[in-house]
Amino acid sequence: MVNNSKQKNAMPVQEPAVRARNFDEVALGYTEEQAKSEAERCLGCKTKPCRSGCPVGIDIPEFIKHVVAGEYEKAYGVIERSSSLAAVCGRVCPQETQCESKCVRGKNGEPVAIGRLERFVADRHNAAVAAGKVSSEHCVEKNGYKIAIVGSGPAGLSCAGELVSRGYDVTVFEALHTAGGVLVYGIPEFRLPKAIVNDEIKNLEARGVVFELNTVIGRTLYIDELFDEGYSAVFIGSGAGLPNFMRVKGEDLKGVYSANEFLTRVNLMKAYRDGSDTPIKRSRAAAVVGGGNVAMDAARSALRLGAQRVVIVYRRGEAELPARREEIEHAKEEGIEFMFLTAPTEVLGDEHKNVRALKCIKMELGEPDSSGRRSPIPVADSEFELDVDTVIVAIGTSPNPLIKDTTDGITTRGRGMIVVDENCMTARDGVYAGGDAVTGAATVILAMGAGKDAAAHIDDAIRAKNKR
């Protein structure tokens with residue numbers, strides 16, 4: 001049966017006025033009826049163009065076919081062959097620029113809501129696991145080789161899931177006290193509930209992945225020591241957690257946060273909860289500098305913490321915003337203000353060194369820069385002050401140099417991105433890397449794709465070396 005509607009089934013969401021003051025998940029998920037109706041819009045194209053847009057290569061028409069038939073565990077099995085984080089990807093991946101951008105339905109209407117269906121299938125599976133109706137354990141014959149993974153973010157988790165399915169003993173070393181990387185410290189509860197991440201971690205543990213928390217590679221253990229302990233290869237998926245700053249006067253004032261610090265306090269350390277011991281500023285008015293998904297997350301979090309006014313300050317125009325359109329729309333619905341073609345020049349403080357205002361200048365777009373985006377140019381005599389008591393800087397992050405500085409043979413480029421070859425291997429034999437540690441800050445699904453690719457290359461190298 002085919003549903004010929006040109007429109008997606010709408011995603012049920014919390015009302016804006018309600019959700020703007022709580023940290024509960026905004027998108028509520030499809031009902032079974034909505035999921036089946038949406039799945040019936042899929043044409044089941046034999047060429048599967050949507051699959052080419054998925055960085056991890058999920059057989060999308062195949063899993064959707066099972067949704068139409070009400071075979072949800074079979075649908076999950078199809079997804080799981082390619083992705084270790086289905087419930088996460090269904091929520092935070094930019095499907096609109098990836099799989100859904102290739103959907104034939106999108107040529108004459110809206111594409112099939114692939115991400116929403118992936119979320120539905122994954123949530124249903126996780127609920128069945130929790131109820132004891134199905135098991136997430138897998139019986140895979142062990143091959144006798146150990147692999148160490150540095151970092152439990154999307155790249156590390158994807159690499160771990162792929163390798164354990166190939167029979168390897170996999171240990172993931174995580175610096176923090178909780179596994180999940182950016183999924184737990186960077187993305188707010190209202191967009192990605194931490195219970196969802198925990199479910200995905202448990203799924204991997206049930207498959208045999210071991211997590212070693214509170215272990216900083218480059219301090220607690222060194223990469224050389226991992227090889228000494230018998231690991232055949234090491235994958236570095238440590239992400240890009242070092243925040244970039246504006247480098248303007250006043251950034252050292254009280255009330256200035258990097259988005260990384262702000263979101264880590266909110267998400268990982270639960271500062272949003274009443275009675276939390278984690279200190280965080282409850283702003284009167286906050287300015288968030290930047291236009292990506294992290295900026296949207298920080299702005300919407302500041303609003304939920306009680307700010308009466310939150311303004312996103314972005315030096316280009318609305319058309320150039322890099323954040324997902326859905327996140328921008330949700331922010332606008334909740335009352336977040338956008339100040340386009342505006343750049344900060346100084347953070348102003350009071351006599352107690354608290355933020356009192358953000359000094360800005362208006363911009364105009366000139367010629368395209370090296371990335372093809374039009375370069376913002378200051379407009380003469382257009383400076384003004386924005387009355388705020390908090391400034392959150394969300395202009396990107398870079399990889400932490402710790403592993404490079406403590407490991408012979410690791411080379412980097414640009415802002416500290418690890419250099420790898422076409423096989424995802426660094427200049428150090430047996431040491432691989434992928435995700436944000438290699439590319440700089442990018443999307444969850446691209447990091448997952450890198451982790452999956454690296455796992456395949458690790459497996460190929462070990463098989464070739466040992467002639468298996």
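Strand 1 (residues 146–150) is mostly covered, with 4 of its 5 residues buried, that is, under 20% relative accessible area for a 1.4 Å probe and protein chains only. Strands (E, at least two residues) and helices (H or I, at least four) are DSSP runs numbered from the N terminus. The model is predicted, so that local features need pLDDT of at least 70 and side-chain atom pairs count only at pLDDT 80 or more, while totals for chains, interfaces and linings use all residues. Residues are numbered from 1 along each chain as its sequence is written, and side-chain values use heavy atoms, with hydrogens and water left out.

Strand 1 pairs in the parallel sense with strand 2 (residues 169–173) over 5 bridges; pairing requires at least two DSSP bridges between the strands. Ala148 has Thr171 of strand 2 as its bridge partner. Strand 1 also pairs in the parallel sense with strand 4 (residues 231–236), over 5 bridges, and there Lys146 is bridged to Tyr231.

The second largest pocket holds about 610 Å³ of space. A pocket is an open set of points on a 1 Å grid over the protein atoms alone, where a 1.4 Å probe fits, with protein on both sides within 12 Å along at least five of seven lines; lining residues have an atom within 4 Å of a point. The volume is the space filled by probe spheres set on the points, which are joined across faces, edges and corners. The lining comprises 26 residues, and Met11, Arg116, Arg324, Glu326 and His330 lie nearest the centre. Helix 14 gives the largest share of this lining, 6 residues.

Conventions. Buried means under 20% relative accessible area, exposed over 50%, partly exposed in between (1.4 Å probe, protein chains only).
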